[in-house]
Amino acid sequence: KALFLEDVDGTCLPRHPKRMLQQYSKILMNNFKSTSTWSSILCNERRGFGHKFQTLKKLSKIVQHMLKKREEFKTHFMLSDQVHAVATVPPTNKVFLWLGANVMLEYSIEEAVVLLTKNLTTATVNADQLED
């Protein structure tokens, strides 16, 4: 709740000006700290969200490619930060999606496309809200 003073002079100065100014100064500093904390939280969310959004877009493209072309293909993937591998992916009807929190589930490619499209739509809405 924001503090709004209609009459600053009438509120702050009449009785004990020094004490009143100290109280209002304390209130204003608390409001400033609260605002800067929320600003920092939103900036961190935007940064993290951008990475997650890009990953979701790439994953969606890959699964849609697998749906269209039911054939073997080669891909590069990261085993760790500095170790990458080349793999040949055989034609398949199933994909495993990492949902986070140590959870990976198997989906049919069609289900994966629906899930990823839904998640991408939700992510877009959330991105718009973060910008506001």
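Analyst: Let us begin with the word pocket, which means an open set of grid points with protein on both sides within 12 Å along at least five of seven lines. This is a predicted model, and in it the second largest pocket holds about 400 Å³ of space.

User: What makes a residue part of the lining of the second largest pocket, and which residues are they?

Analyst: A lining residue must have an atom within 4 Å of a point of the pocket, and for the second largest pocket those residues are Lys61, Ile62, His65, Met66, Phe73, Thr75, His76, Phe77, Met78, Ala87 and Val89. The elements that contribute two or more of them are α2, β1 and β2 (83-89), with β1 giving the largest share, five residues. By type, the lining splits into seven nonpolar, three polar and one charged.

User: How much space lies in the largest pocket, and what lines it?

Analyst: The largest pocket contains about 780 Å³ of space, and of the 25 residues in its lining, Lys52, Thr55, Leu56, Leu59 and Trp98 lie nearest its centre. Two or more lining residues come from each of α2, β3 and α3, and α2 gives the most, with 12 residues. The lining is made up of 16 nonpolar, seven polar and two charged residues.

User: Why is a space called a cavity instead of a pocket, and how many cavities of 30 Å³ or more are counted?

Analyst: A space is called a cavity because a 1.4 Å probe fits there but cannot get out, whereas a pocket is open. The count of cavities of 30 Å³ or more comes to one, and the largest cavity has a volume of about 40 Å³. Its lining consists of Met66, Lys69, Arg70, Glu71, Phe73, Val89, Pro90, Pro91, Thr92 and Ile109, which divide into six nonpolar, one polar and three charged.

User: Why is the contact between glutamate 110 and arginine 70 called a salt bridge?

Analyst: The term requires a side-chain nitrogen of Lys or Arg within 4 Å of a carboxyl oxygen of Asp or Glu. Glutamate 110 sits in helix α3 and arginine 70 in the loop between α2 and β1 (73-80), 40 residues apart, so that the pair links distant parts of the chain. A search of the whole structure finds one salt bridge.

User: What makes serine 60 buried or exposed?

Analyst: Serine 60 has 8% relative accessibility, and because this is under 20%, serine 60 counts as buried. Serine 60 lies in helix α2 and, leaving out residues up to four places away in sequence, touches Leu116 and Leu120.

User: Which residues have the most contacts inside the largest nonpolar core?

Analyst: Within this core of 15 residues, those with the most contacts are Val63, Val95, Leu97, Tyr107, Ile109 and Ala112. At least two core residues come from each of α2 (17-68), β3 (94-100) and α3 (109-131), and α3 supplies the largest share, seven residues.

Technical notes
Residues numbered from 1 in each chain as written. Predicted model: local features only at pLDDT ≥ 70, side-chain atom pairs only at ≥ 80, totals over all residues. Heavy atoms only, no water. 1 Å grid on protein atoms, 1.4 Å probe; cavity = no way out; pocket = protein on both sides within 12 Å on 5 of 7 lines; lining within 4 Å. Points joined across faces, edges and corners; volume = space filled by probe spheres on them. Nonpolar A, V, L, I, M, F, W, Y, C, P; charged D, E, K, R; others polar. Core = buried A, V, L, I, M, F, W, Y, C linked by side-chain atoms within 4.5 Å. Buried < 20%, exposed > 50% of the residue type's maximum accessible area, 1.4 Å probe, protein only. Helix = DSSP H or I, 4+ residues; strand = E, 2+ residues; numbered from the N terminus. Contact = heavy atoms within 4.5 Å.
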